[in-house]
Amino acid sequence: MLNASITIGQYIPGDSVLHRADPRTKIILSIVFMVMTFLVNSFWTFAALTAFTLVVVLISGVPMKYTLRGLKPLLFIIIFTAVINIFTTSGTPISQTIPFKYITYEGIELALKLAVRLALIIISGSLLTFTTTPILLTDGIEKLLNPLKKIGVPAHELAMMMSIALRFIPTLLEETDKIMKAQAARGADFDTGNLVQRAKSFIPVLVPLFVSAFRRADELATAMEARCYRGGAGRTRMRQLKFTEADTKVFVTSVVVFAALLLLEYL
Amino acid sequence: MPIVLENLTHIYMPGTPFEKAALKDINLKIEDGEFIGIIGHTGSGKSTLIQHFNGLLKPTSGRVLVNGQETSGKGLKELRRHVGIVFQYPEHQLFEETVYKDIAFGLQKDNLSEDEKRKKILEVISAVGLKEEVLEKSPFEISGGQKRRVAIAGVLVMNPGILVLDEPTAGLDPRGRDEIFGFVSKIHESMGITVILVSHSMEDIAKLVNRVIVMNKGAVEVDGTVTEVFADIPRLESIGLSAPQVAYLMKRLKQLRPEIDENVFTVAAARDELLKHLGKEVQKPC
C-alpha cells in the first residue's frame, strides 16, 4: 500500500515525556538539533549524537523499526548525495587505478558524515511529528511566529495553511490509493512500459485526484465560512499551550547533552 | 469462474503501531451465476474482502482462487477483466474528455478496430440505461446518476464474468437507486454473470439476491439464503445490522394472527402474503 511507506508526518499516540512536552519546546529543540548535526564533526561526537538520538527514540516509545522505516523513502537522496560527495571531493586518492583514482579518503569521510547527518535530521523531524498532533504542532508554530506579527508576518494564516495541508496529506494519500485501485480494476497498468508510458499512465489518477482536491478545498472553505471563520484577528483558543514539568525535563536534558557535545567537539 | 477463499487473512500495515487484522481466516466459495449480497457494519471487512477477488489486495496468509488460479501469481491483468469491481462513488474515477473515451479506457489494450469498440460501447451504454447522445459529452458535465452509470459501464465494457459492486447506490435518490438495481438484475439474468453486491440497504439485498454473506469484525458471521439470514433478527441487531423493515411488520402481525408466514422480507411478498391471508378470511363463514 501507498500509505505504508510514508511515515513522516504521522502522529503516533503515546504517553511518553516527549508526547507530553509542549510543541514549542519540541520545535525549538528540533531546530537546535539540526544545527547541532552540522556543528559536530569528529567521530566521537557523531557517535554520541547518534546514540542520543536513538535513546530519545526509545524514550518516545515509538517502535525503532517504524522510525527507521521513515528513512526508506529518502534513502535514494541520502545515497545519491553520498555518492556525489565520494567522487567530487578533492584530496588523497585511495588508489592510483581507475576508477579508484577519483575516490578520495576525504570524500568517503565527507559522504559518511553527510549520510549520517541527513539520517539524523530525518529521524528528529519524524520524532517531532510522531509525538505531536498536527493541531498542537501548528499551534506551536503560530505561537512561535507570534512576535513576527508586528512586522506583518501573517502567522495565523501560515499556521492555518500548514495545519490544513498536514490534515489533508493522509486524506489525499488515501484518495490516491483508492483512485489507483479503481483504475487498476479497469485495466490501468502503472508498473510496465518505459518512463513516458508510465508517466502517461498516471493521467487517469491525476485528473480525478485534482478534481477531488478542488472539490474538497471548496467544501472546506464553505464549511469554515459557515462557522464564521474570518482569519486570526481576535480569535481565542480552547486549548492554551502551557509549559509543564515535562518541558523542563526535556529541555534541560537536551541542553545539557548539546552543551556537552559542543565542549567535546571544540575543546 | 468460481471464486474460492481458503483461510484468507489480511492484515493492514503489519509491523507498525497501526497494524489491523481486517480479515480473519475466511473460507468461502462463490459459484458461477450466483447473485450474492454482502452486508456488514462499517469496518467489518467488506471492502477488504472484495478487493481480494481481483488481486488488488494480496492475502497476508491463505489463498484466493479465481477459476482455480491463485490471485497472487501472474495474469493479474487478465484476472481484472474477469472480475470487474465497481468501487464506492465510482464517478470519482472519471477522467477523460468524453464519456465515450472514458468507457473505452478499459479496452485500450485490446487491439479492437474502431467499429468493434464502438459496438461494445453502444451495447454497455444501453445496458446501463443511457442514451447514445451522452457519449460525446464530458463526464464532468452530466448529472450524478448518469456519471455513476458511465463509471459502471466502464467496468462492464470489459465483459467481466463476475461483477462486484460496492454500494453502487450510495448517495443516489430512490429513483436513481431503482434504476441502477434494475439494470444490475437485468444484466445478471440476461448475461448470466455472477453479481456480488455490497450494500447497507437490507431492503435492496432482500429484494435482489439469492445468498447473503454477513460480515462481522473481519469474519463471516452468517452465510445463507435471504430467509436464513434475515429470520434471526436478534443476531443481526447484535452486530449492528437489521432486517428489512417489512420483516418487523410481519413479526408484529404474526403476534396478532399466528397463521401469517413471518418469513417475508420484501414488500411485494408481504403484500401477496397478506392478500392470501385476507382472502382466506373472507372465505370463512361469519
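Modeller: Before the sheet, one convention: two strands pair if DSSP finds at least two bridges between them. Helices (H or I, at least four residues) and strands (E, at least two) are DSSP runs, numbered from the N terminus.

Colleague: Fine. What are we looking at, and how is it numbered?

Modeller: This is a predicted model, where local features need pLDDT of at least 70, side-chain atom pairs count only at pLDDT 80 or more, and totals for chains, interfaces and linings use all residues. Residues are numbered from 1 along each chain as its sequence is written, chains are lettered from A and ligands numbered from 1 in the order written, and side-chain values use heavy atoms, without hydrogens and water.

Colleague: What is the strand order of the open sheet in chain B?

Modeller: The order in chain B is β2-β1-β4-β5, four strands with antiparallel pairing. β2 (20-30) and β5 (69-70) of chain B each have a single partner strand, so they are the edges and one side of each lacks a neighbour in the sheet.

Colleague: How many bridges join β4 and β5 of chain B?

Modeller: Two, antiparallel, with β4(B) spanning residues 61-66. E70(B), in β5(B), is the bridge partner of L65(B).

Colleague: Which strands of chain B does helix α1 touch?

Modeller: Helix α1(B), residues 46-53, packs on the sheet and touches β1 (3-12), β2 and β4 of chain B; contact means heavy atoms within 4.5 Å. Its direction makes about 125° with that of β1(B), using lines fitted to C-alpha atoms (for helices, over the stretch in contact) and angles from 0 to 180 degrees between N-to-C directions.

Colleague: Switching to chain A. How many helices and strands?

Modeller: Chain A has 11 helices and zero strands. Its C-alpha atoms fill a box of roughly 70 × 55 × 40 Å along the principal axes.

Colleague: Which residues lie nearest the centre of the second largest pocket?

Modeller: I135(A), M160(A), S163(A), Y229(A) and R235(A), out of 22 lining residues. A pocket is an open set of points on a 1 Å grid over the protein atoms alone, where a 1.4 Å probe fits, with protein on both sides within 12 Å along at least five of seven lines; lining residues have an atom within 4 Å of a point.

Colleague: Which element gives the largest share of that lining?

Modeller: α8(A), with seven residues.
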